[in-house]
Amino acid sequence: MNRYIKFTALVFTILIASCEDVIDVPVQNAPTRLVVEASLDWEKGTTGNEQTIRLSNSSAFFDTTSNTAVTGASVKVTNDSSGAEFIFADQNNGEYATSSFVPIIGQSYTLEIIHNGEMYSAQETLMAVPEITDIFQDVEDGFDDEILEAHIVFTDPPEEGNYYFFKFQKQGELLPDFEVGDDEFVNGNEIDWWYEIEESDDETDVRQPFAAGDVLDIEMYGVSEAFYNYIDILTDQIGGVGLFEATPVSVKGNCINLTNPENYAHGYFRLTEVNRTSYTFE
């Protein structure tokens, strides 16, 4: 069952030199688009009322100096059943925040953004996540039976069609790993989900397997099938193109431009319930 997909940093280094000539490599510039980071996550044990949505503009690949934050937009989320509206106030730094959001499991919500005279919209349903019942360490189930792995135990709900998204980050490391899975073959059963950091032959991968004293931060989300499929496609694109791979295509989220469909936005509107915890290796 333990199907997982890891997100890793993708680093491109191009060195083209000669004794006499400097060769300029042209880089294609895509149109500037709105980037929507709208993950409304209800952490178990909290009210979930405080939520933030981030808006920015896409930029050129090598542009590290431009301020891409989008301000002056109108942002709101609506409960599709009751019609209750939650206004996200502009914080003047690309963030839009509310302290009055009311999360309801199984409820559908609609995001509306008005920016530069154009209206963007997305719809999602708030998905539940089961309780984590146990976390332990072992060395038997990973790809390498000599290094430590963390095990997260939970019981999948008996209803069919549950999808999960995990974020794992060892404290002290810059980048997390992400994994996704579904209950196609384990519906209604207790699930033991394991995670390890393997030794790598890649000299650019400086991460080390877990050792006693390491602390692993764990986030486990219940997500919709649509978001699961979006992440599946996205990770295929990040994986690159091999000899027999499909040609990468633009990965579109669920934010639709109702005013000008060709000017679609990047990003995704997601509503989830989430478990957040940590584990210290012994």
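Contact here means heavy atoms within 4.5 Å. The structure is a predicted model, in which local features need pLDDT of at least 70, side-chain atom pairs count only at pLDDT 80 or more, and totals for chains, interfaces and linings use all residues. Residues are numbered from 1 along each chain as its sequence is written, and side-chain values use heavy atoms, with hydrogens and water left out.

Select Val36 and display its surroundings. Not counting residues up to four places away in sequence, Val36 touches Arg54, Leu55, Leu111, Ile113, Cys255, Ala265, His266, Gly267 and Tyr268. Val36 is also among the residues with the most contacts inside the largest nonpolar core, which has 25 residues; others in that group include Ile53, Val75 and Phe269. A nonpolar core is a set of buried Ala, Val, Leu, Ile, Met, Phe, Trp, Tyr and Cys residues joined through side-chain atoms within 4.5 Å. Buried means under 20% relative accessible area, exposed over 50%, and partly exposed in between (1.4 Å probe, protein chains only).

Next, colour the strands, which are DSSP runs (E, at least two residues) numbered from the N terminus. β1 gives the most, with 5 residues. A second, separate core of 21 residues includes Ile132, Phe166, Trp193 and Ile197.

Display the 12 strands of the open sheet, in the order β11-β10-β13-β15-β1-β2-β5-β4-β3-β6-β7-β14, with mixed pairing. Two strands pair if DSSP finds at least two bridges between them. At the edges are β11 (177–182) and β14 (256–257), each pairing on one side only. Within the sheet, β3 and β4 run antiparallel and are joined by 4 bridges; Thr78 stands opposite Glu85 in β4.

Move to β10 (residues 163–170), where Gln169 lies. Is Gln169 buried or exposed? Gln169 is buried, with a relative accessible area of 18%. Leaving aside neighbours within four places in sequence, Gln169 is in contact with Leu174, Leu175, Pro176, Val215, Leu216 and Asp217. A polar atom of the Gln169 side chain lies 3.1 Å from the backbone oxygen of Leu174.

β9 pairs with β8 (residues 132–138) in the antiparallel sense over 6 bridges, and 7 bridges join β9 to the antiparallel β12 (residues 190–196). Centre on His151, the bridge partner of Phe136; His151 also stands opposite Trp194 in β12.

Terms used: Polar contact = N/O pair within 3.5 Å; in protein donor to acceptor, adjacent residues only side chain to side chain.
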